Amino acid sequence: MKKIRILVCCFLVFTTLQAQKSLSQDFDYSISEPYQVYDAAKKFYFSQENEILTVKPWRKYIVIQKFNVDDLSLISSKEYLDFPDNYVVEGMEEVGGRYYFFYSSWTGRKTQHEQLFFWEIDFEKGEFIGEPKKLIDFSGHLAGGPGVALLNIPGWQGITGMFGVVDKFDFLKSKDGSKLLAHYRKKPEVKRDTKSYDVIGINVYDSNLNKLWAKEYKMPYTERRMDALDFAVDSNGDGYMLVKVFHDDSNDDKKRKKDEEANYHIELFRLLQGDNEIEITKIEVEDKYINGISLFESPEGFIICAGFYNSGLKNGFFSNATSKFQLSNSDGLFTFKVTRDGELIDKHYYEIPLEILNQYVSDRTKRKNEKKEKDDEVEFKYLRLNDLIVKADGSLVLVGEQKYVIRHTTSKGVVYYTYHYNDMLIAKIGSSGELAWMKKLPKIQYGKPKIGQVFDYSKIYKGGMSYSYLFADNAHYLLFLDNVKNIDLELNQRPALHSDGHGGYLTAYKIDDLTGDVAKDNIFDTRNVTDDLEVHQFSVDRVIKTKENEFVLEFYKKKKEDILIKVKVKTGQDSK
C-alpha cells in the first residue's frame with residue numbers, strides 16, 4: 001500500500017509503518033498549530049466560505065474563535081465575561097446567514113420571570129454585535145429537563161446528581177432557513193398528570209428574529225394521555241407538532257407480543273398562523289407500532305413523517321446488567337406525507353429483510369433469527385432514528401443507530417450506567433416511494449462518563465461514540481471511532497469492541513448515493529496521528545464540513561491545548 005501523504009504546516013511527515021498497513025489512501029489530512037483549550041459542555045461550529053467560527057460557552061465565560069481553513073491558523077479568539085450568574089445556554093442557530101446565540105435567565109423568586117435572550121455574532125469579525133436582546137419574557141416557570149453532573153465519589157464512576165433545569169427552549173428551522181420556531185412547555189400547575197393539560201408555547205420568527213406570530217396552546221389531552229414526539233416549521237412560518245395519543249391513562253405503548261392493537265395512535269397538530277385552534281390530522285398506521293418518527297419539510301412543501309416501526313414485541317429504554325429488555329426494536333421503516341391542508345398521502349412501509357438482520361452476527365444468532373422469522377418475530381434491536389435527509393429530487397435517506405443504556409448495581413447498592421452505540425442502518429427511498437437500497441453498517445461502541453469529564457449534562461451521554469453524517473462527492477459518509485480490528489470484517493463476524501476514551505481509529509463508511517455500495521476506510525489513529533502526536537476527546541459534534549470534499553475536526557492534545565485536523569476526501573479528479 002502506498003504511503004499516505006500527511007500535510008503538516010506545508011511540509012510532509014509520515015506515519016509509522018504499522019499505521020500504514022491499515023490507513024486509507026482515499027484521504028489526506030493536515031494538522032494545525034496548537035492553541036489554548038477552553039472547556040465547554042457544548043461547543044458550536046460553523047463554516048462560511050474559507051473560515052470556521054466556534055463558540056464555547058462555559059459557566060462564567062463565552063469564547064468565540066475564528067480559524068482559516070486553508071492553513072488552519074487561529075485568526076482571532078475573544079472572551080466574554082459579562083453574562084448573568086444564572087444564565088443557561090439554550091443553543092445557537094444560523095438563520096438566513098445570520099448567527100444567533102441563545103441563553104435563558106431566571107429572574108429569581110421575587111419576580112419569577114423566565115426570559116430568553118439572543119446575541120447576534122458577526123461571523124466576519126468573530127465577535128458579538130451590540131448587546132443581548134430579549135426575545136421572550138413571561139411570568140412563571142418552564143418545564144425543561146434536569147441537568148446532571150457527576151459527583152466526585154472516590155472509587156466510583158458514573159454516579160449522577162442534579163443541578164438545575166436546562167433545555168427550557170428548543171429551536172427548529174424551516175428547510176429554506178428563512179424561519180425559526182422556538183417552543184417551550186410551561187410547568188404544569190396541576191401536579192397529577194391525569195388531570196393536568198400541558199401548555200405549549202410556539203414562537204415563530206423571520207431570519208432577522210422579528211416575531212411573525214406567537215401563541216400558547218392548551219393541549220387537547222392530559223399529560224398522561226399524550227407524548228410530544230417532534231416539532232417542525234415550514235417556509236410559510238406554520239408550525240407542526242407530532243404527538244402520540246394514548247387510549248387510556250396507562251401511558252404505556254403496550255408493545256408486547258400478545259397485543260393485537262396499539263394502545264395509542266399518532267396525530268399531527270398543525271399550528272397555523274392566524275388560526276386560534278389546533279388543526280389535527282390523525283395518522284393511521286394499521287397494525288404497526290411506531291417507535292421512532294420525525295418531521296421534515298419536503299422541497300415540494302409537504303410535511304414528511306418518517307421513522308421505524310415494529311409489530312409488537314416488548315419495548316423499553318433502560319436495561320440492567322442481568323436482564324436486558326428491548327429498546328425500539330424495528331421490523332422496518334415507513335414514510336408518508338401530509339399536505340398543507342392536512343391530508344395524509346403517499347404512505348409506504350419497508351420491511352428490514354432477514355438477509356440484512358443476519359449480517360455481522362454470529363452463526364448462533366443467525367440461526368435464532370431464522371427461527372424467529374417463521375413467526376414474524378425477528379427485529380433490528382434497539383434501533384433509533386438519528387438522521388433523515390430530504391434531497392432536492394424528493395428522495396429520502398434515513399439513518400438509524402442501535403442505542404441503549406444499561407443500568408448496573410454494585411454489591412454495595414450503588415447504581416451507575418453504561419452507554420452503548422452499535423450497528424447502524426441506512427436506507428434510501430426514491431422520489432416515487434420505491435426502496436432504492438438498504439444497508440447495515442456494523443460497529444460496537446461502549447462507554448461511561450469519567451469523574452470531572454465535561455459534557456452536555458442535559459443529554460444522554462455520548463462521549464466519543466455514535467457517528468457524524470456528511471454528504472460529499474455523491475456519497476454518504478458516516479464518521480466514527482472504531483477498533484482497527486474491524487477494518488476487514490466478514491459478514492458472519494461481529495465487530496470488535498471499541499471502548500470510549502481509549503483511543504481508536506477515525507473511520508468512515510462511504511455509501512454511494514446511487515447504488516448503495518459500501519466501502520470502509522480507516523483515516524488515522526488518534527493515538528498516533530504523527531510520531532509524536534496523540535489526540536483526545538473526539539466528539540461527533542465537533543465535526544464541521546468546510547467544503548464539498550473536506551471536513552475539519554477539533555481535538556484536545558493535552559497540555560491545555562487543542563488542535564484542528566483537516567481531512568480531505570480524495571475524488572476521482574484528485575487522482576488524475
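Two strands are said to pair if DSSP finds at least two bridges between them, and helices (H or I, at least four residues) and strands (E, at least two) are DSSP runs numbered from the N terminus. The views below show a predicted model, in which local features need pLDDT of at least 70 and side-chain atom pairs count only at pLDDT 80 or more, while totals for chains, interfaces and linings use all residues. Residues are numbered from 1 along each chain as its sequence is written, and side-chain values use heavy atoms, with hydrogens and water left out.

**View 1. The open sheet of β5, β6, β7 and β8.** Four strands, in the order β5-β6-β7-β8 and with antiparallel pairing, make up this open sheet. Because β5 (44–48) and β8 (74–80) stand at the edges with a single partner strand each, one side of each is left without a neighbour in the sheet. From one strand to the next the twist averages 15°, where axes are lines fitted to C-alpha atoms, for helices over the stretch in contact, and angles run from 0 to 180 degrees between N-to-C directions. Eight bridges hold the antiparallel pair of β6 (residues 51–58) and β7 (residues 61–68), and Thr 54 is found opposite Gln 65 in β7.

**View 2. Strand β27 and its two partners.** Strand β27 (residues 332–338) is largely enclosed by the rest of the structure, because seven of its seven residues are buried, where buried means under 20% relative accessible area, exposed over 50% and partly exposed in between (1.4 Å probe, protein chains only). In a regular strand the side chains alternate between the two faces of the sheet. Both faces of β27 are covered, with Gly 332, Phe 334, Phe 336 and Val 338 buried on one side and Leu 333, Thr 335 and Lys 337 buried on the other. Strand β25 (residues 303–310) runs antiparallel to β27 and is joined to it by seven bridges, with Ile 304 having Lys 337 as its bridge partner. Strand β28 (residues 344–351) pairs with β27 in the antiparallel sense over six bridges, and here Lys 337 stands opposite Ile 345. Five residues lie between β27 and β28 in their hairpin, and Gly 342 in the turn has a positive phi of about 90°.

View 3. Strands β39 and β40 are antiparallel over four bridges, with Ile 544 opposite Val 552, and a hairpin through two residues joins them. Strand β41 (residues 561–569) runs antiparallel to β40 and is linked to it by seven bridges, Leu 553 standing opposite Ile 565. The hairpin of β40 and β41 has four residues between the strands, and in it Lys 558 takes a positive phi near 80°.

**View 4. The lining of the largest cavity.** Lining residues, which have an atom within 4 Å of a point of the cavity (a set of points on a 1 Å grid over the protein atoms alone where a 1.4 Å probe fits but cannot get out), include Leu 470, Tyr 477, Lys 545, Glu 550 and Val 569. The elements giving two or more residues to this lining are β34 (468–472), β39 (543–547) and β40 (550–556).

Notes:
1 Å grid on protein atoms, 1.4 Å probe; cavity = no way out; pocket = protein on both sides within 12 Å on 5 of 7 lines; lining within 4 Å.
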